[in-house]
Amino acid sequence: MDFVPLIDAIGEPATFAVIGLALGLVFGVFAERTGFCTRSAALEVSRGKPGNMLPLWLIAFAAAVLTTQLLVATGRIDLADTRFFGTPQSLSGAIIGGVLFGIGMVLTRGCASRLLVLGSSGNLRAIFSIAIIAAVAWATYQGPLVPLRNAVSGLLMTSSIGTNDLAFVAGSTATGPILGAALALLALSVAVRHRLSPLKAVSGAILGFLISGGWYLSYQFSLQVFEPVQADSLSYMRPLANTINFAASGGDHSFLSMDVGLIAGTVFGALAASVIAGSFRIRTFAEAGTPHWLRYATGSALMGFGGILAVGCTIGAGFTGGSVLAITSLAALLSMILSAMIADRVLDSDKAAQTATRPLAMPAE
């Protein structure tokens, strides 16, 4: 794809932001319409209550892995210099950060991307949570919490195992496509068993395609710019921190990036989808059954710190990192899911018991 005409017209930072904006708009629309939520998928498993979120999530994840690995196998993208493989990564950060993030998304009843979508749809509790997540993420990424982040991250690095690439460990370039195909078959079988509608199945696949689309577009962009940039895809932790930097700069053009565009696109996409569908609704802490705001604040802080420590949220580490088979990302995703399941059992055991005879609550509340 030729970005040169757009770069000549608006500059490199703004062009990169436009790429993020386009990806975010599509993600915001489909995430809002499907209620896409990793927490809900995990809780369907832990509570033993079949629903539509697990097959939807599996289809999205399988689509992300399969299409990204096909791009790698055919030489359309090169991931060697990306943040997952360019330097040694932290295994301790992935595991500890993943655990903290998983607990946090149970406390706030939604992960970072889901809360951003909910906030854009009128949920003031989600907006409150996103504000805290963004502030703590910034402090952990480049503020006063950096020493603590570095201390935890330095406990165990991928240099101790020699690589962060699962395909390299497997010793075959065919590992990625084969694993992606196996995941796709698993996802389809679960979708059929759970009677997932074709429309939702296609929507899940589109969410997964956005991950490989982000890799492809950002990689093509990296080949056409003077200042070097790293190829990447969707994420919602570092982008929140970088959006704070952009806002603090007063909208300085040089602070524009794919991160800033992605956040803006997700907000506008989810807002438009909720307004058009008639699902936009103001929701506050005053609603019956809503946990105390301190629970949301605690969970948000855990996600802000844990997400940066794990080098991403359920989307940034789980889907983007998982799609390239980064060992730390897969470890982070597994830690997020398992800790969320355990935290739900411990913190919401009464609610879990109540849902034994009725459907799960909304994907995030």
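**Exercise 1. Does Thr175 count as buried or exposed, and why?**

Solution. 
- This is a predicted model.
- Start with the location: Thr175 lies in helix α10, which covers residues 175-193.
- Take the relative accessibility of Thr175, 17%.
- Apply the cut-off: buried means under 20%.
- Thr175 therefore counts as buried.
- Now look for partners. Leaving out residues up to four places away in sequence, Thr175 touches Ala167 and Ala170.

**Exercise 2. Describe the overall build of the protein chain.**

Solution. 
- Count the elements: the protein chain has 17 helices and zero strands.
- Check the radius of gyration. For 365 residues, a compact globule would come near 21 Å. The protein chain has 19 Å, which agrees.
- Along the principal axes, the C-alpha atoms fill roughly 55 × 50 × 45 Å.
- Turn to burial: 56% of the 365 residues are buried.
- Finish with contacts. Take those between residues at least 6 apart in sequence; 82% of them join residues at least 24 apart.

**Exercise 3. Work out how helix α6 is covered, and by what.**

Solution. 
- Name them: Ala112, Ser113, Arg114, Leu115, Leu116, Val117, Leu118, Gly119 and Ser120.
- Find the cover. It includes α2 (12-34), α5 (91-107) and α7 (124-142). It also includes α13 (258-277), α14 and α15 (314-323).
- Look past the helix end. Gly122 follows α6, and its phi is positive, near 105°.

**Exercise 4. Characterise the second largest pocket.**

Solution. 
- Begin with volume: the second largest pocket has about 420 Å³.
- List the residues closest to its centre. Of the 18 lining residues, these are Gln89, Arg149, Ile308, Leu309 and Val311.
- Assign elements. Those giving two or more residues to the lining are α8 (146-153) and α14 (293-309).
- Sort the lining by class: seven nonpolar, eight polar and three charged residues.
- Link back to Exercise 3. Helix α14 gives two or more residues to this lining, and α14 is also among the elements that cover the buried residues of α6.

Note on methods
Residues are numbered from 1 along each chain as its sequence is written. This is a predicted model: local features need pLDDT of at least 70, side-chain atom pairs count only at pLDDT 80 or more; totals for chains, interfaces and linings use all residues. Side-chain values use heavy atoms; hydrogens and water are left out. Helices (H or I, at least four residues) and strands (E, at least two) are DSSP runs, numbered from the N terminus. Buried means under 20% relative accessible area, exposed over 50%, partly exposed in between (1.4 Å probe, protein chains only). Contact means heavy atoms within 4.5 Å. On a 1 Å grid over the protein atoms alone, a cavity is a set of points where a 1.4 Å probe fits but cannot get out, and a pocket is an open set with protein on both sides within 12 Å along at least five of seven lines; lining residues have an atom within 4 Å of a point. Grid points are joined across faces, edges and corners, and a volume is the space filled by probe spheres set on the points. Ala, Val, Leu, Ile, Met, Phe, Trp, Tyr, Cys and Pro count as nonpolar, Asp, Glu, Lys and Arg as charged, and the others, Gly among them, as polar. The radius of gyration is taken over C-alpha atoms; the globule rule is 2.2 Å times the number of residues to the power 0.38.
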